[in-house]
Amino acid sequence: MKIRDLRVCLLLSLLLTSLAGRAVDAPLAATAPYLVAGAPTFDLSISAFREKFNTANPGLTLNEFRAIDSRTDRASLTRAASKINDNLYASTALERGTLKIKSMQITWLPIRGPDQKASKAKAQEYMAAVLRVFTPTLTSAQSLQKLQKILASGKGKVYSAETEGALRYVVADNGEKGLTFAVEPIKLTLSETPEDNNK
């Protein structure tokens, strides 16, 4: 049963990349930037991220990330996952060699019954904590509020993304099959006419 759950999580975490070719509203570069040559990475390795996350969130622990063998990935990309509990997983897309993060994802597999509300709340705590790692100026309350807004805008959509500064927030909502929240870096471009910025 545990192997099945891990496979379901990994399939959900791969959803963001598999949807890139199917997204109708956005081109490949907008939906999955790490699939494009020269895509950006956070200046943070997966081990440094995990240490930072666990130190800042003593009640929310991330176990060691384990590489996923996927022959369909490009040579420059490594995937890894960490099981939090039976219905909550963290996964990541990494730059091969440096293991710097290209996308950090939390996937929640909904459960039925009286524990669903608590399970969802725990998943959102992890999602907000991931958000805080990449936006450390946010308080716990602010990160939860921001997360609620992002999740609401992606509710019921197979894929939704919004950009803020150098970050892209991605939501993949598959209803009862699962919910994935991801944070990715994006490249910032300068205006073609810098003198316009000085007016």
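**Confidence**

I started with residues 192-199, where pLDDT stays under 50. In this predicted model, I found 1 contact beyond four places in sequence for that stretch. I then turned to residues 1-35, where pLDDT also stays under 50. For residues 1-35 the model has 64 contacts beyond four places in sequence.

Next I looked up the protein as a whole. Its pLDDT averages 79, and 71% of the residues score at least 70. Which elements mark the lowest and highest mean pLDDT? Helix H3 (residues 28-31) has the lowest, at 34. Helix H4 (residues 46-56) has the highest, at 96.

**Hairpin**

I moved on to strands S5 (residues 160-164) and S6 (residues 167-173). They run antiparallel, and I noted 5 bridges between them. Glu164 stands opposite Leu167 of S6. The hairpin leaves 2 residues between its strands. I checked phi there and found Gly165 positive, near 60°.

**Largest pocket**

I noted a volume of about 250 Å³. Which helices each supply at least two residues of its lining? I found helix H5 (116-134) and helix H6 (140-154). The lining includes Gln116, Lys120 and Gln124, and Gln148, Leu151 and Ala152 are also among its residues. I also listed Trp108, Pro110, Lys155, Asp173, Gly175 and Leu179 in the lining. By class, I logged 5 nonpolar, 4 polar and 3 charged residues for this lining.

Technical notes
Residues numbered from 1 in each chain as written. Predicted model: local features only at pLDDT ≥ 70, side-chain atom pairs only at ≥ 80, totals over all residues. Heavy atoms only, no water. Pairing = 2+ DSSP bridges. Helix = DSSP H or I, 4+ residues; strand = E, 2+ residues; numbered from the N terminus. 1 Å grid on protein atoms, 1.4 Å probe; cavity = no way out; pocket = protein on both sides within 12 Å on 5 of 7 lines; lining within 4 Å. Points joined across faces, edges and corners; volume = space filled by probe spheres on them. Nonpolar A, V, L, I, M, F, W, Y, C, P; charged D, E, K, R; others polar. pLDDT = per-residue confidence, 0-100. Contact = heavy atoms within 4.5 Å.
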